[in-house]
Every structure is written in structure tokens, then in C-alpha cells.
Amino acid sequence: MRILIIEDEKRLSDALIEILAEQKYMADAVYNGKDGLEYAKSGIYDCIILDVMLPQMNGFDVICSLRESGVATPVLMLTAREAVSDKVKGLDLGADDYMTKPFSPEELLARIRVISRRQGELILDKMCFGDIVFTISTSELSCVSGGKSIRLNFKESELIRLFISRPGIIFSKEELITKVWGYDSDAGDNNVEAYISFLRKKLHFVGSKCEIIALKKLGYRLEGENAFKA
Ligand code: CA
């Protein structure tokens, strides 16, 4: 899960990153509305936390532009304002939920879970594909038939989650870099190749019949017996 934080109060933004990191959510932070809109339009985020009072472009204009350009990423609006009219305005413009500062970390996380679920992406602890099961909380990859399991490191976990969440989808190296290493990362093709190779070895180790197939010039796809094949 990757979250974009658009919030100009650096201290709050840093606190949010910390809260999210504890839940193993990756977060990118930007500090004004204009940058926020640009990042949000990339479509790589599962959820956006958006402040209302922002320099350069306010949160209402950001959500409005975002929805106009067809980006449906769930948005949680954040503001110091208590006015009911502000809440209504935010929701009318396409926000999914609204939170008034100050708030507790528990409430923030609960709301993120709810709006991400609404998007149709259930945050479950176990993800299954073919003969493999990946447990998010323990980063454990196991094979239903083999009985073996192995712990994945952070990048491997992000990769397998991406593959399992979009069965049959081919991911280009560029896409994998953006989604796993991050928007601003300077990771290259060799990083992707290395981690795909680690992951293949671990799939083999647990005795899975699932394979990460490389499609020339296109990218990678996870394939498995009794699972999607095209
Ligand atoms: Ca603000």
C-alpha cells in the first residue's frame, strides 16, 4: 500500500509518515497543492491524505482537478476547519472522507482502511495466488502443497503483493520501479532484475509452481497453475 501525503505542516507530515511506516505503508510527502496534484495524477497511490489549507493550490482545487482528470484514488481530506460547509464541499468535490485536526493515529488508520476498502482493494492479511500464500503481517511466503515457507524482505514483499493483487497483469520495469522503489527513486532496471531473481529463488525454495515470467520488452508477470494464464 502506497500513500501520498499532501500537507504543508512539516511536523504533521513527518508524524504521518511515521504512523504509516509502522503499518508498513509506504508514504511520499509533498508540501504544496501543485506538487500534490502532479504526484496524485501519477495514479500510483492507493490512498491520498490531502490537507485543505495549502500553499499554491488549496485542497479543494486539488481534489476537483484530480477527479476531473479521472483519477479515482481514495482521498482523505484533512483540515483544521470545523465548519460543516467545508466538509460538505470536500465530499461534494469527490473526497472519500474527512478528518478534523487534531486526530488520533488510530482514527486516521481506521479511516484509511475504510476508504481503501471502498475502492475495492481489501486489506487482508493473507493474499493467495495459484499455490502460494503471502502473509502481509509476517512477510511470509508459503506454498500450500509444499508446506515450506520463507520470509521475504521489504522490496520482495512489495513486489509479490503487486503481482498477486493484479493477476495476469504485465508490469514493466519502469512501473515496478515507481511502485516498489518510489516516485523519486533512482533505482534502475538492474535493481528490478536482481529482486525478481531473489523472488524467483524463494518461489522455487517453497516448492511453488508459480513463476515470474519475463516478457521481452514488456515486463514481468506472475503465472501459476490453476491461476490466470493468457
Ligand atoms: Ca495546511
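In this predicted model, the C-alpha centres of domain 1 and domain 2 are 29 Å apart. Domain 1 covers residues 2-118, and domain 2 covers residues 126-223. Where the two meet, domain 1 contributes nine residues to the contact and domain 2 contributes 12 residues.

Together the domains bury about 830 Å², with 55% of that area on carbon and sulfur atoms. On the domain 1 side, 60% of the area buried against domain 2 comes from Lys24, Met26 and Ile44, more than from any other three residues. Polar pairing across the boundary amounts to one residue pair in polar contact, with both residues at pLDDT 80 or more. The number of salt bridges between domain 1 and domain 2 is zero.

Two elements each give two or more residues to the side of domain 1 that touches domain 2: strand E2 (26-30) and helix H2 (33-41). By class, that side of domain 1 holds four nonpolar residues, four charged residues and one polar residue.

Confidence in the prediction can be given for the whole protein and for its elements. The mean pLDDT of the protein is 87, and 93% of the residues reach 70 or more. The table lists the elements at the two ends of the range.

| Element | Residues | Mean pLDDT |
|---|---|---|
| Strand E3, highest of the elements | residues 47-51 | 96 |
| Helix H4, lowest of the elements | residues 84-92 | 79 |

Where pLDDT is low, predicted coordinates should not be read in detail.

Methods. Residues numbered from 1 in each chain as written. Predicted model: local features only at pLDDT ≥ 70, side-chain atom pairs only at ≥ 80, totals over all residues. Heavy atoms only, no water. Domains from an automatic or database assignment. Contact = heavy atoms within 4.5 Å. Buried area = accessible area lost by both parts, 1.4 Å probe. Salt bridge = Lys/Arg side-chain N within 4 Å of Asp/Glu carboxyl O. Polar contact = N/O pair within 3.5 Å; in protein donor to acceptor, adjacent residues only side chain to side chain. Helix = DSSP H or I, 4+ residues; strand = E, 2+ residues; numbered from the N terminus. Nonpolar A, V, L, I, M, F, W, Y, C, P; charged D, E, K, R; others polar. pLDDT = per-residue confidence, 0-100.
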